[in-house]
Amino acid sequence: MKNYLKISGLALIALVGMMSCSKNDDATMEGESYNTSFEVTDAPIDNAEVEAVFVTITNVSVDGKSLEGFNATTVNLAALVNGKTEALGNLDLQAKSYSSIVFELDFDKDVNGDAPGCYVEKANGEKDALVATSNKITINDTFEVLANATNVIVIDFDLRKTIKEEKDGLSSDFNFVTMAELTAGIRTVNAELTGKISGSANDANNTSDKIIVYAYEKGTFNADVETQGKGESEVTFANAVTSAEVKGLSGSYSLDFLEEGEYELIFASYKEDDNSEFYFNALLNVESTTGLNLGAIEVSSALQISANVTVTGTK
């Protein structure tokens, strides 16, 4: 009986020890952090009157913790297109999902002390101040920090969705959209989990003065809704994940930082009026020159897909 009790006691001690080690291992795994960098980029604004869009960022925080290495900066978002980014700072974060980034802006002054702090620079050199109802923008889009990976979180300020133009006769003013639309117009992705679609659009028949290509999640594009404008600020193509302008003699474009999934590409024609302003003209019929199904393009991480098309006319 005594031997039985001794054996039982030893087994109990061993079991407790194993449980303790297991808990310590779990705590170690849960507490491990990974250096995570944060960068900002932009999808282009489709307005010829806009030369640049400057915003002055005074603080960036994730779950209430400010980025390390960040200094207040005034950045031209309009220059950060086609995969270009600007580094903001970094944090050591645990491997999990996050859904709260807060940007603090200075509407009054830029980092040099000049007014205004956020503004549209028009083609004629005029500065048009940008303001919103709050200087704190909370981005609720979810991003993932991965274990044992190079984590670069890219914050995409889609100027096409976050800036609106208000016309008064022949003159126009620019401003931020509503706070709800502003929050919805900014997305966050881990670059490690994204791919890219790039290519060219051959418009031999000159159907357009400008062509914009929009990337939609497969099956989400509704022409009647997307071309009419959505919300208080009447943003067109509001549900597009991102967009790009077809540019240059080669008609090249680049849709960057696309999360894994299936996408459809929508090509839109814009015309230029007598005031050098572009307006939506029509959706374009296009054909892939490589046999790619433009309605179901599979994107996976670190993959660059080439999608060259020929414009055959308007819809």
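Modeller: Helices (H or I, at least four residues) and strands (E, at least two) are DSSP runs, numbered from the N terminus, and two strands pair if DSSP finds at least two bridges between them. With that in hand, Phe 38 stands opposite Ile 153 in S12, and the strands S1 and S12 pair in the parallel sense over eight bridges. This is a predicted model, in which local features need pLDDT of at least 70 and side-chain atom pairs count only at pLDDT 80 or more, while totals for chains, interfaces and linings use all residues. Residues are numbered from 1 along each chain as its sequence is written, and side-chain values use heavy atoms, with hydrogens and water left out.

Colleague: How many helices and strands are there in the protein chain, and what is the order of the open sheet of four strands?

Modeller: The protein chain has four helices and 24 strands. The open sheet of four strands runs in the order S5-S1-S12-S15, with mixed pairing. Its edge strands are S5 and S15 (186–190), each of which pairs on one side only. From one strand to the next the twist averages 25°, where axes are lines fitted to C-alpha atoms (for helices over the stretch in contact) and angles run from 0 to 180 degrees between N-to-C directions.

Colleague: How should I read burial and the nonpolar core?

Modeller: In soluble globular proteins, nonpolar side chains tend to be buried together. Buried means under 20% relative accessible area, exposed over 50%, and partly exposed in between, with a 1.4 Å probe and protein chains only. A nonpolar core is a set of buried Ala, Val, Leu, Ile, Met, Phe, Trp, Tyr and Cys residues joined through side-chain atoms within 4.5 Å. Here, buried residues make up 44% of the 315 residues in the protein chain. The largest nonpolar core has 39 residues, of which Phe 38 and Phe 103 touch the most other members. Among the strands that each supply at least two residues of this core are S1 (33–43), S2 (50–62), S5 (86–94) and S12 (151–158), and the largest share, six residues, comes from S2. There is also a second, separate core of 23 residues, which includes Ala 201, Ala 215, Leu 258 and Leu 284.

Colleague: Which residue in S18 is the bridge partner of Ala 215?

Modeller: That partner is Thr 242. Strand S17 (residues 210–217) and S18 pair in the antiparallel sense over five bridges, and S18 is mostly covered, with four of its five residues buried.

Colleague: How do I read a pair of aromatic rings?

Modeller: A pair of aromatic rings is described by the distance of the centres and the angle of the planes. Rings of Phe, Tyr and Trp (its six-membered ring) pair if their centres lie within 6.5 Å; planes under 30 degrees apart count as stacked, over 60 as edge-to-face and the rest as tilted. By this rule the count comes to ten aromatic pairs. The rings of Phe 237 and Phe 280 have centres 5.7 Å apart and planes at 70°, so this pair is edge-to-face. The pair links distant parts of the chain, 43 residues apart, with Phe 237 in the loop between helix H4 (223–226) and strand S18 (242–246), and Phe 280 in strand S21 (residues 278–288).

Colleague: Are Phe 237 and Phe 280 buried or partly exposed?

Modeller: Phe 237 is buried, because its relative accessible area is 0%, whereas Phe 280 counts as partly exposed at 28% relative accessibility. Tyr 270 and Phe 280 also form an edge-to-face pair, at 5.9 Å centre to centre and 70° between the planes. Tyr 270 belongs to strand S20 (residues 261–272) and lies ten residues apart from Phe 280; Tyr 270 is buried, with a relative accessible area of 4%. Tyr 214, Phe 237, Tyr 270 and Phe 280 form one aromatic cluster.

Colleague: What does Asp 63 contact, leaving aside its neighbours within four places in sequence?

Modeller: Contact means heavy atoms within 4.5 Å. Asp 63, in the loop between S2 and strand S3 (65–66), is in contact with Tyr 98 and Ser 100, leaving those neighbours aside.
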